[in-house]
Amino acid sequence: MTIKIYDTQPHQARFTASVLSAFKGPNKGEICLVLDRTAFFAEGGGQACDTGEIGLSDGSGDPKGPVFPVTDVQEKEETVYHYMQIGDQDPDAVLALFGEGCRVIGQIDYEKRFDRMQQHSGEHIFSGLAHSLYGCTNVGFHLGDQVTTLDLDKELNQQQIDLIEEKTNRVIYQDLPILVFYPSKEELASMDYRSKKELTGRVRIVDIGQNEQRVDRCACCAPHTASTGEIGMVRILRWDRYKGGVRITIVCGMRALKAVRERMDMLRETADLLTTNQDQVSRSVAALKDQLKEEKEKVKDLSGRLIEAKAESLKKLGKDQKNLVLTEPVEMAQARKLVNELMPGFEGLAAVLMPAGKDEYTFLIGSESADMTAFMKEFKEVFSVRGGGKGKMVQGSVTGQEETLVNFLYNWR
């Protein structure tokens, strides 16, 4: 069994240990060490492992000789395996350096460790309060490099979620101790604690607060801050309904500070663009939205008038030609109105091609007299066409050069 230093000393980043075994890893350029004690957290519980480096100890607290990066740490039956990258070096030669019983010195990436401790401890408080306030069970947890997500099995509304966030931060301000311990089987049997699954073997319990001030008790394998004050703050970025419950995205500590800064910068930039104060941004955006709606109605009205005028002028062409083909950057509703206006004036087709990309078009084609089923059959034989329709009108998308498409439609039947 590997002694896990972070159980009692979560802030310890450097440590010495003895090698219990060393062997080649499953990947090329990789060896694996098993140590009698470690500060490296192994991947588990929705959290990635610690990374860092390990080298031989010179007995004074510094490494001697080469130092190798630790990129993966796994645990099996309470033994921790440290996978080290040795590059192009001879694995047998490197393994000879790390013989059984030799002393090594390890260094974890402490900045990453502390960031993850802030996220994980903040999540415990949030999930614990969601459980005590509303009976929610945390059924999913993922601690990513940018955000942390937690899945609760009951639906909550905005007011309830805001209350959990507020109470979570009040617990942080109290700077309560966070304690880690391994109860006996008898103690565990009589203990009320949160856990996502049935556990076997030794169970590690994390308490947030003590006695009457305890706000959460949960089974967990990961490192945690020494007290709630070290979390700094917890901020919800978003929440979504998810599988009958809610998925909540949070950031804690320095991530929360960064998120607030980014959003304040966006608010300031938006206020500058709107030439208004930051506290008036939402009102200004609402006014712009109303104004845009009015302008869209005006444009729609003007477009309708233009289409009517264009249709009237084009109807005259029906005396001299059978089919009419227009290439117009209009919306489908406008194309439909135009085709409906033009169909009675032409013996054959009235077609509108709307550019949708290089050699790509959406189309609306109608006829008062032609067999549109027969037309679509021939159209699909010549071009790559998707679409269809009933009766007098067909629509869809087509790929082809404009000149070729127009010539085909002008000369159809």
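**Salt bridges in a predicted model**

Guide: Welcome! In this predicted model, Arg255 and Asp115 are both buried.

Visitor: What makes the contact between Arg255 and Asp115 a salt bridge?

Guide: The closest N and O atoms of Arg255 and Asp115 are 2.6 Å apart. A salt bridge needs a side-chain nitrogen of Lys or Arg within 4 Å of a carboxyl oxygen of Asp or Glu, so the pair qualifies.

Visitor: Which parts of the chain does that pair tie together?

Guide: Arg255 belongs to helix H5 (residues 254-274) and Asp115 to helix H2 (residues 110-134), so the bridge links parts that are 140 residues apart in sequence.

Visitor: Nice. Why is Glu165 called buried?

Guide: Its relative accessibility is 11%. Buried means under 20%, so Glu165 counts as buried.

Visitor: And how do you know whether Arg235 is buried, partly exposed or exposed?

Guide: Arg235 has a relative accessible area of 36%. That value falls between the 20% and 50% cut-offs, so Arg235 is partly exposed.

Visitor: How many salt bridges does the structure hold?

Guide: There are 21. Among them is the one between Asp216 and Arg194, at 2.8 Å from N to O.

Notes: Residues are numbered from 1 along each chain as its sequence is written. This is a predicted model: local features need pLDDT of at least 70, side-chain atom pairs count only at pLDDT 80 or more; totals for chains, interfaces and linings use all residues. Side-chain values use heavy atoms; hydrogens and water are left out. Helices (H or I, at least four residues) and strands (E, at least two) are DSSP runs, numbered from the N terminus. Buried means under 20% relative accessible area, exposed over 50%, partly exposed in between (1.4 Å probe, protein chains only).
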